[in-house]
Amino acid sequence: MIANARKPGGLAKVLGPFDLILMGIGAIVGTGIFVLTGTGAVTAGPALTLSFVVAALACCFAALCYAEFASTVPVAGSIYTYSYATLGELAAWMIGWDLLLEYGLATSAVSVGWSGYFQSLLSGFDWHLPVALTAAPGAMPGVDTLINLPALCIMLLLTAMLSIGVRESARLNNVMVVIKIGVVLLFIAVGARHVTPANWTPFMPYGINGMLSASALVFFAFIGFDAVTSAAEEVKRPERDLPIGIIGSLAGCTVLYVIVSAIMTGIVPYKEFLGVDHPVTLALQRAGENWFAGFVDLGAILGMTTVILVMAYGQTRIIYAMSRDGLLPQRLSKVHPRFQTPFLATWIVGIVFGLMAAFVPLNILSELVNIGTLAAFTLVSVAVVILRKKRPDLPRAFRCPGVPVIPALAVIFCVTLMAYLSWHTWVAFGIWMAIGLVIYFTYARKRSLLN
């Protein structure tokens with residue numbers, strides 16, 4: 001597998017640790033801060049800060065396992081590749097199938113959120129799109145809508161960027177990440193002056209169950225750091241740079257989430273976030289800082305743009321790896337001779353999930369993302385222990401500390417959060433995985449290079 005990745009004509013090695021940290025932050029900071037903080041506040045109250053900490057701990061334990069794998073097996077494909085190397089082809093196929101759902105629906109869901117903030121920004125200039133072009137059919141009860149045109153357009157635009165080259169996409173991502181982090185830091189500086197500590201009482205109005213339910217919800221906010229591992233073959237020094245990128249981006253985002261959620265619930269009583277899809281803007285409006293609301297809309301747009309960019313990038317590299325192993329059609333792993341990117345796979349991802357963003361309501365898109373991610377994190381935590389026992393001699397540039405305790409904690413945290421997801425989500429996830437099994441035994445298994 002690693003030998004195949006090192007053959008001439010593969011992906012270009014152009015990324016360093018700074019690119020990876022910003023790529024991780026680009027994937028993480030976006031929907032979490034600008035959208036989910038409001039819904040999480042209604043569920044947990046001011047204890048939303050603890051909800052983010054719990055979700056971050058689950059990610060942190062899993063991130064240490066990811067970092068060991070990513071530095072040991074520096075091959076495109078993220079957890080799919082690591083599973084292939086440790087658990088075998090069937091397990092790898094199933095987790096790859098899971099990741100296709102997770103990454104794809106994440107890009108679609110965030111595209112819909114991007115569309116909402118983009119339309120909000122346009123309305124500030126008194127510009128309005130025709131109602132029929134503003135949302136998917138049925139997304140707005142009582143309103144006749146046909147297509148979410150902005151969501152489709154942003155998906156196709158970023159697909160074009162990714163197909164041209166990862167270096168160019170990384171540069172665009174870096175610029176947008178710097179701008180949106182600046183907006184978040186400015187919100188912290190402005191909002192901190194308007195906090196009323198009385199709004200933090202009661203701190204945990206719905207008890208531990210409310211706090212954990214919010215953790216399962218806002219876990220979506222941390223999805224993305226694992227996308228960094230998908231860049232393994234395009235990193236200059238993966239054994240050193242990948243752990244830095246994974247852990248550095250996760251730590252930075254956790255600090256931002258906790259501070260922002262504390263300030264928001266300190267300005268606005270948590271119950272008033274019910275039904276609000278622009279919680280940061282609401283907090284500023286209540287604080288009388290209307291002048292800054294437009295900057296927040298811009299920051300949200302940039303934030304979600306980078307999330308879409310990085311998640312779409314991650315999915316194309318997973319498809320690339322699965323195709324190279326024979327589990328998907330070989331054409332999907334062909335690299336463009338000029339751009340050195342998996343051109344066909346990139347455009348298939350952009351078109352398919354762009355159309356889903358255009359025609360499927362947000363609530364349907366997002367319900368499976370969290371459970372797919374938690375399942376992936378659970379598997380990589382188990383796999384790192386298996387690899388330690390199977391190949392103790394394998395060189396490891398980074399070693400997850402405290403094995404098997406840290407991986408066990410990752411499994412416990414992830415499974416606990418999965419238990420707080422609705423049964424509808426479990427049923428839908430089971431159906432998707434069952435479809436994956438059928439495809440494996442009727443198509444992929446017969447054509448895989450391993451067989």
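Lysine 180 counts as buried, with a relative accessibility of 0% (buried means under 20% relative accessible area, exposed over 50% and partly exposed in between, with a 1.4 Å probe and protein chains only). This lysine is found in helix H8 (helices are DSSP runs of H or I with at least four residues, strands are runs of E with at least two, and both are numbered from the N terminus), and its C-alpha atom is separated by 4.7 Å from that of glycine 299, 119 residues apart along the chain. The model is predicted, so that local features need pLDDT of at least 70 and side-chain atom pairs count only at pLDDT 80 or more, while totals for chains, interfaces and linings use all residues. Residues are numbered from 1 along each chain as its sequence is written, and side-chain values use heavy atoms, with hydrogens and water left out.

**Salt bridges**

- The structure holds four salt bridges, a salt bridge being a side-chain nitrogen of Lys or Arg within 4 Å of a carboxyl oxygen of Asp or Glu.
- In one of them, arginine 388 meets glutamate 68 at 2.8 Å, N to O; because arginine 388 lies in helix H15 (residues 369-390) and glutamate 68 in helix H4 (residues 48-72), the pair ties together parts that are 320 residues apart in sequence.
- Both arginine 388 and glutamate 68 are buried.
- Another salt bridge joins glutamate 289 and arginine 193, whose closest N and O atoms are 3.3 Å apart, and it links the loop between H11 and H12 with the loop between H8 and H9, 96 residues apart.
- Within that pair, glutamate 289 is buried at a relative accessible area of 10%, whereas arginine 193 is exposed at 61% relative accessibility.
- Arginine 391 forms a salt bridge with aspartate 393, with the closest N and O atoms 3.2 Å apart; arginine 391 is partly exposed, at 38% relative accessible area, and aspartate 393 is exposed, at 54%.

**Helix H11**

- Helix H11 (residues 279-286) is largely enclosed by the rest of the structure, because six of its eight residues are buried.
- The buried residues in H11 include Pro279, Val280 and Leu284.
- After H11 comes glycine 288, which has a positive phi, near 80°.

**Loop between H8 and H9**

- Tryptophan 200 lies in the loop between helix H8 (166-191) and helix H9 (207-218), and at 31% relative accessibility this tryptophan counts as partly exposed.
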